Each structure stands twice: as structure tokens, then as C-alpha cells.
Amino acid sequence: MSDISGLSGLSDISALSGAPDARDTFSAHGYLVENIHMGSVAVVDTDGKLLWYAGDPSALTFTRSALKPFQALPFVLADGPARFGMNSAELALLCASHSGEPSHLAGVQAILAKIGLDENHLECGCGTPLYYDTVGEAPPPYAWRPLHHNCSGKHSGFLAWCRLHDVPGRDYVDPAHALQQEIRRTLAVTVNMPASSMPTGLDGCSAPNYALPLDRLAHLFARLGSGAADRQHGAAMGDLFDAMTAHPHMVSGAQRCDYAYMQAGAGDWVSKVGADGVQTIGIRSAGLGIAVKIADGAARALHTATFSVLDQLGLLDNARRAMLEQYRQPPLKNARGLTVGDIRSVLTLRRPG
């Protein structure tokens with residue numbers, strides 16, 4: 001994809017293919033393209049059939065935080081939320097990259113209390129809440145704790161799985177730990193791939209993360225979007241879909257992309273962003289799964305490209321277009337607040353064959 005940032009009236013473009021043409025096109029209209037961000041898109045149905053693509057739809061892609069609903073899946077399959085009396089907002093937090101807002105912190109604390117633990121057991125590390133970067137505010141001086149890390153909800157779910165199965169929680173992020181082995185096994189079965197074919201990395205929160213072909217990641221979200229109708233994990237997928245779509249703020253936070261996409265989807269879209277340019281969306285009514293990866297990880301290219309994909313698929317009516325307008329062609333501003341360029345998408349979805 002090509003994200004191009006511009007200076008003094010230049011243009012910043014997001015494109016997936018044909019970047020030289022994009023540069024020529026905008027230059028012909030008096031713009032100078034400064035930066036181009038490449039990437040790939042895969043759009044599949046609930047059977048995993050590739051319907052639309054751009055770039056390389058089979059590109060091996062680390063799932064990053066888009067994996068979170070499926071890291072929670074073994075706990076849900078074991079009826080963990082009901083066993084510990086977790087409500088749907090708390091289940092949504094297990095899938096979250098939250099902003100560290102008061103409702104998020106209270107939710108994680110409630111989960112930990114229900115399993116008889118506290119934040120000292122979290123192994124995600126400490127992180128400044130995403131809220132401040134999202135709203136453009138400088139964070140106050142504070143000794144941030146593991147509770148504030150955007151993955152603390154996921155990690156509280158990890159600990160809950162350990163308590164449910166009477167497994168020691170210490171070192172639960174170790175790839176050899178029983179929890180991580182079960183997550184890896186369940187993921188491999190769900191995507192119908194040998195576990196050995198899923199390269200393993202270590203995510204920012206120290207948990208193992210896996211790389212999948214982009215179209216397999218899209219297929220996961222097509223199936224999550226189908227909810228309880230999923231032929232393999234029915235009720236569990238339904239619980240995850242229902243929790244995330246009912247509580248998009250718990251999955252994300254104010255002014256965050258997943259919150260915006262799920263609000264626009266009004267219960268029909270389930271969305272999860274991942275670090276380094278990953279975005280996934282499942283569309284229940286259309287039976288679609290969408291996965292976008294920006295090759296250089298540029299977040300500003302990601303959202304403009306995702307808007308373009310949704311638009312080209314005919315998923316944006318006037319109301320949804322208005323709700324997501326901020327992503328269509330966002331301006332680039334300098335330190336004085338002057339508009340010096342913008343970000344544009346020139347990607348074109350193609351049908352296979």
C-alpha cells in the first residue's frame with residue numbers, strides 16, 4: 001500500500017499496488033508524492049475462499065493483537081467466563097487492546113478479583129495508557145503499572161485459564177507453558193494448519209504470537225463474524241462476537257479505530273487492530289472476513305487503506321461513511337496546525353484469476 005505524506009500542499013497516499021502510477025497520477029495534478037506505503041489485502045468468505053485481494057493475499061503476517069479473540073478462545077471453549085461469573089464486558093476485555101481508561105482498569109481489576117489474583121501476577125509489563133497518544137495529550141508523570149498496559153485484559157484471561165485448569169500461573173507467557181501450548185494447538189486446529197507451519201514470535205506484551213498467511217487471518221475473522229453459526233466453534237465464537245460487538249469501547253477506547261468500526265457496523269462488524277499495520281474485520285451480514293497489512297507498519301496508511309477496502313466492497317452507506325470520514329483522506333498538519341498535505345488511498349481490489 002502506498003501512504004504518501006506531503007509537504008506544503010503535497011499529498012500523502014495509501015496504495016497497495018502500482019505505486020509508480022500513483023506517483024505519476026498525483027504529480028500530473030500538481031501534487032508531489034513524498035512517501036509510499038506498500039501492503040496487502042485479503043477478503044474471504046466464511047469457507048475461506050478468496051474473493052478480493054490487493055498485493056499478496058497469502059503474505060505471511062504476524063497476527064499481533066488481531067490474535068486476541070483467538071487467544072481467548074480456549075478459555076471460552078472451556079466455559080471459563082461462566083465458571084468465574086464474568087459478564088460480557090469483561091469477556092470483551094480479554095480480546096482488547098484497551099486505552100487504559102477508568103472503565104478498562106476497573107474491568108481488569110474485576111476479572112482478577114473473580115479469579116482470586118491481583119495485578120502483581122500480570123506478566124505483560126508496564127505501559128503508558130494508549131489513551132494519551134490517541135487524543136494527543138502528554139501523559140502525566142506516573143509510575144505506570146501492568147494494569148495500565150493495553151494487553152492487561154488479555155493477560156487476566158490467561159491467568160483465568162490457568163486457574164480454571166489448576167495450572168501454575170507463573171511464567172504463563174513462556175511458549176512451553178501449558179496455556180500457550182493450548183492456544184497454539186487450538187489456533188492450528190481452527191485455521192487447519194500444522195502448528196509447525198505457524199512461525200512463532202514474541203509480542204510486545206511478551207506473549208507468543210504467530211504468523212499466518214493473510215487470507216487465513218481474514219478467514220478467522222469471517223468465522224468470528226459468523227458468530228454462533230461457525231461450524232467448528234459455534235457457541236464460543238458467538239460469545240466472543242457478541243461480547244466484542246456489544247462492548248466495542250471495552251475492546252478499544254475513545255477515538256480508537258476498533259471502536260469506530262464497530263460503532264459504524266452497529267452490531268454487524270467485529271473489528272480488531274494489531275500493531276505494525278494490521279487490521280481485521282468480520283462482516284456478519286455479508287459473510288466476509290477482511291485482513292489488511294501495511295508492509296512498513298505505518299498506522300496512518302492502515303486506516304485510509306481500510307476505509308478504501310470497505311468502500312470498494314460496498315459496505316459504506318451514507319451514515320457509515322460519515323462516521324468513518326476521519327479515515328478517508330486525513331490531513332497532515334504541521335506544528336502550527338497548518339494543513340501541509342493529506343493521506344490518500346490508491347489501492348484497487350482485484351478478483352482472483
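Biologist: Is Trp-144 buried or exposed, and what is its relative accessible area?

Modeller: Buried means under 20% relative accessible area, exposed means over 50%, and partly exposed is in between (1.4 Å probe, protein chains only). Trp-144 comes out at 18%, so it's buried. Tyr-132, at 17%, is buried too. Bear in mind that this is a predicted model: local features need pLDDT of at least 70, side-chain atom pairs count only at pLDDT 80 or more, and totals for chains, interfaces and linings use all residues. Residues are numbered from 1 along each chain as its sequence is written, and side-chain values use heavy atoms, leaving out hydrogens and water.

Biologist: How many aromatic pairs are there?

Modeller: Rings of Phe, Tyr and Trp (its six-membered ring) pair if their centres lie within 6.5 Å; planes under 30 degrees apart are stacked, over 60 edge-to-face, and the rest tilted. That rule gives seven aromatic pairs here. Take Tyr-132 and Trp-144: with centres 6.0 Å apart and planes at 50 degrees, the pair is tilted. Ring pairs also link these two with Tyr-131 and Tyr-142 into a cluster.

Biologist: Which parts does the pair of Tyr-132 and Trp-144 tie together?

Modeller: Helices (H or I, at least four residues) and strands (E, at least two) are DSSP runs, numbered from the N terminus. Tyr-132 lies in helix α6 (residues 130-135) and Trp-144 in the loop between α6 and α7 (152-164), so the pair ties together parts that are 12 residues apart in sequence.

Biologist: How do α7 and α8 pack?

Modeller: Two packed helices are described by the angle between their axes and the distance between the axes. Axes are lines fitted to C-alpha atoms, for helices over the stretch in contact, and angles run from 0 to 180 degrees between N-to-C directions. For α7 and helix α8 (residues 178-191), the angle is about 105 degrees and the axes are 10 Å apart. Under 35 degrees is roughly parallel, over 145 roughly antiparallel, 65 to 115 roughly perpendicular, and the rest oblique. α7 and α8 are therefore roughly perpendicular. In contact terms (heavy atoms within 4.5 Å), Phe-158, Trp-161 and Cys-162 in α7 meet Ala-178, Leu-179, Gln-180, Glu-182 and Ile-183 in α8.

Biologist: And which strand does β8 join?

Modeller: Two strands pair if DSSP finds at least two bridges between them. Six bridges join β8 to strand β9 (residues 278-283), and the two run antiparallel. Lys-272 has Thr-280 in β9 as its bridge partner. The two strands form a hairpin with three residues between them, and Asp-276 in the turn has a positive phi of about 60 degrees. β8 (residues 269-274) is mostly covered, with six of its six residues buried.
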